[in-house]
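Please look over the sequence and the 3D structure shown here before reading on. The text then goes through the structure step by step.

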Amino acid sequence: MSDKSSSRTSTFDRRAFMAGAAGTALVPMTARAAAQDANVPVARDPSLPVEVTLRVNGKDKRLLIDARTTVLDALREHLKLTGSKKGCDHGQCGACTVLIDDRRVVSCLTLALAAEGQEITTIEGLATDDRLHPMQQAFVDNDAFQCGYCTPGQIMSAVACVKEGHAGSEADIREYMSGNICRCAAYPNIVAAVKQAAPEIMKG
Amino acid sequence: MRPFSYQRASDPDMAVRALAAGAANDPLTKAAAQPLAGGTALIDLMKLDVMRPAAIVDINPLAHAWSAIEPGGGSLRLGALARMSDVAAHAEIQRSYPVIADSLKLAASAQLRNMATLGGNVMQRTRCNYFRDVSYENCNKRNPGSGCAAMDGVNRMHAVLGVSDQCIATYPGDFAQALIALDAVVEITGKAGTRGIPFAQLHKAPGSTPEIETTLQPGELISAFSIQGRWPRSVYLKARDRQSYEFALSSAAIALDVQDGTIRDARVALGGVATVPWRAREAEALLKGQKFDEALARRVADAAFADARGRRHNSFKIGLGRRVVARALQQAATMEI
């Protein structure tokens with residue numbers, strides 16, 4: 001009714017709303033630190049949350065989570081890193097691709113507890129300050145997306161594809177990027193982007 | 001996903017003890033405690049509510065001892081926790097065992113190959129849609145005695161070899177065909193230490209107990225695979241609905257030992273068409289002592305599918321499978337090594 005409420009509406013931020021609604025992230029830490037001693041069950045009682053420290057984009061993050069939480073859900077629901085996307089949630093689409101210890105994996109099939117002590121890199125950790133990563137810039141330059149939902153996964157997968165040495169030809173790029181599905185079918189432009197970024201990534 | 005307890009294995013002893021605890025008389029696939037390696041099959045099936053373990057034993061901490069890739073001295077040993085991508089990319093595997101490298105490289109996606117282990121790969125479960133969708137009551141593999149929805153359902157992806165009147169679910173893997181072709185030995189670690197069995201004795205055809213898929217018992221883990229000899233003249237050919245990232249409609253693992261134009265030893269294994277990793281020994285026998293030509297390849301391919309039984313949607317696999325075998329033989333016989 002008032003100017004106040006309309007101005008609030010005009011500054012409505014979908015991401016902030018979604019993140020607020022997700023709600024349960026970063027609850028106060030009351031449980032004891034997760035057992036690093038391998039003989040001790042980390043999560044003995046399935047009904048209780050368990051404390052875990054994930055190293056994400058170079059920073060340690062302490063979380064209190066259900067043992068069933070995947071890395072993808074830990075990132076999105078607990079750490080508000082919503083760049084990694086949940087497409088199929090069954091390891092078939094690649095939208096949730098992140099790097100763990102520099103290897104590309106699907107975060108939807110990785111338990112957060114099993115990733116403790118490893119270095120997780122997400123799309124949010126790729127740029128340096130205001131400079132896009134060469135692969136991000138290449139996706140922009142080549143218009144390598146339409147809706148953009150698969151793009152964070154495509155970019156993370158593409159960075160690893162280049163570093164593995166699997167971007168030497170278009171055929172190689174297509175084969176080694178096949179784990180990332182794009183239902184807008186931006187594939188020709190994705191291949192062009194990977195080709196463009198590859199030399200710069202290998203150089204630096 | 002149902003709740004579970006989670007613990008990390010500090011050593012093999014602890015792992016097998018934790019996995020054997022509370023095993024009751026359940027088959028391995030229904031055991032209360034399940035090992036977690038790459039997680040690409042287990043976590044997927046837990047999300048689908050097909051697998052419902054009460055306890056997860058994370059065996060990844062054993063990787064330092066169980067993931068070595070050791071070719072050399074005319075034999076090969078592969079740790080069960082080696083990742084598919086690392087084995088596929090290994091130069092000596094590509095040179096001396098191309099059937100192994102290609103069976104791994106042509107499976108799944110780059111991400112899944114980075115995660116999945118060799119041991120987990122051979123233990124992966126069928127992709128039968130009626131098995132994976134718990135809204136179907138009648139699946140003898142999931143609910144023994146409930147019937148089989150695939151028999152008269154959509155069975156285009158199902159098996160034509162090794163089937164029973166209880167189950168026609170296809171064994172979906174690729175690497176297993178390479179192992180069975182090369183007479184691999186599976187090293188199994190359990191409470192009583194380690195033992196070796198021929199890979200051909202690991203999987204069990206469905207028969208009247210499709211819920212029992214392997215001869216492993218709860219509390220046993222695959223720790224390694226070993227192969228005698230080098231097989232540089234070997235191929236893995238995979239036909240599928242799309243060019244990449246898809247399960248086989250039909251595949252063939254072929255290994256030949258050819259000396260002065262004569263085939264001294266021959267191995268033929270089939271994937272995508274059988275309920276278990278499938279060795280076509282009658283077909284192999286036709287090759288031994290012969291010189292290769294296309295007519296021989298066709299006879300071998302016919303022999304490999306002599307006992308095949310198609311159903312409404314999958315009979316095409318018999319003709320397709322024959323052509324895959326013939327082409328794979330041609331590739332193996334003519335490859336430069």
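The paragraphs below take up the two chains, the contact between them, and then some local features.

This is a predicted model. Chain A holds 7 helices and 5 strands. Followed along the sequence, these elements of chain A come in the pattern α-α-β-β-α-β-β-β-α-α-α-α. Of the 204 residues in chain A, 41% are buried. When contacts in chain A between residues at least 6 apart in sequence are considered, 56% of them join residues at least 24 apart.

Chain A is split into two domains: domain 1 covers 12-124 and domain 2 covers 134-203. Where these domains meet, domain 1 of chain A contributes 14 residues and domain 2 of chain A contributes 11 residues. On the side of domain 1 of chain A that touches domain 2 of chain A, β3 (97-100) and β4 of chain A each provide at least two residues. The most comes from β3(A), with 3 residues. Sorted by class, that side of domain 1 of chain A has 6 nonpolar, 5 polar and 3 charged residues.

Chain B has 13 helices and 12 strands. Its C-alpha trace spans about 60 × 50 × 35 Å along the principal axes. How does the radius of gyration of chain B agree with that of a compact globule? For 337 residues, a compact globule would have a radius of gyration near 20 Å, and chain B has 19 Å, so the value for chain B agrees with the globule rule. Of the 337 residues in chain B, 56% are buried. Among the contacts in chain B between residues at least 6 apart in sequence, 64% link residues at least 24 apart.

The domain assignment of chain B lists domain 1 (5-61) and domain 2 (234-334). The C-alpha centres of domain 1 of chain B and domain 2 of chain B are 35 Å apart.

The next step is the contact between the chains. How many residues does the contact take from chain A and from chain B? Chain A gives 31 residues and chain B gives 27 residues. On the side of chain A that touches chain B, β4 (103-106), α5 (151-163) and α6 (170-176) of chain A each supply at least two residues. Among the elements of chain A, β4(A) gives the most to this side, with 4 residues. By class, the side of chain A that touches chain B is made up of 14 nonpolar, 10 polar and 7 charged residues.

Which residues does B:V300 contact, leaving aside its neighbours within four places in sequence? They are B:V268, B:A283, B:L286, B:L287, B:V325 and B:L329.

On one hand, β11(B) pairs with strand β10 (residues 250-259) of chain B in the antiparallel sense over 9 bridges. One of the bridge pairs is B:A255 with B:R267 of β11(B). The two strands β10(B) and β11(B) form a hairpin with 2 residues between them, and B:D260 in the turn has a positive phi of about 50 degrees. On the other hand, β11(B) is joined by 2 bridges to strand β12 (residues 278-279) of chain B, and these strands run antiparallel. Here B:L270 has B:W278 of β12(B) as bridge partner. A hairpin is formed by β11(B) and β12(B) too, with 6 residues between them, and B:G272 in its turn has a positive phi of about 75 degrees.

Two further residues of chain B deserve a look for their backbone angles. B:D49 has a phi near 70 degrees, a positive value in a residue other than glycine. B:D49 lies in the loop between α2 (42-47) and β3 (55-58) of chain B. Because B:D49 has 13 C-beta neighbours inside 10 Å, B:D49 counts as partly exposed. B:A108 has a phi near 55 degrees, again positive in a residue other than glycine. The loop that holds B:A108 runs between α6 (98-105) and α7 (110-115) of chain B. Is B:A108 buried or exposed? B:A108 is buried, because 27 other C-beta atoms lie within 10 Å.

Definitions and conventions
Residues are numbered from 1 along each chain as its sequence is written. Chains are lettered from A and ligands numbered from 1 in the order in which they are written. This is a predicted model: local features need pLDDT of at least 70, side-chain atom pairs count only at pLDDT 80 or more; totals for chains, interfaces and linings use all residues. Two residues are in contact if their C-beta atoms, placed from the backbone, lie within 7 Å. Ala, Val, Leu, Ile, Met, Phe, Trp, Tyr, Cys and Pro count as nonpolar, Asp, Glu, Lys and Arg as charged, and the others, Gly among them, as polar. Domain bounds come from an automatic or database domain assignment. The radius of gyration is taken over C-alpha atoms; the globule rule is 2.2 Å times the number of residues to the power 0.38. A residue is buried if 20 or more other C-beta atoms lie within 10 Å of its own, exposed if 12 or fewer, and partly exposed in between; C-beta atoms are placed from the backbone. Two strands pair if DSSP finds at least two bridges between them.
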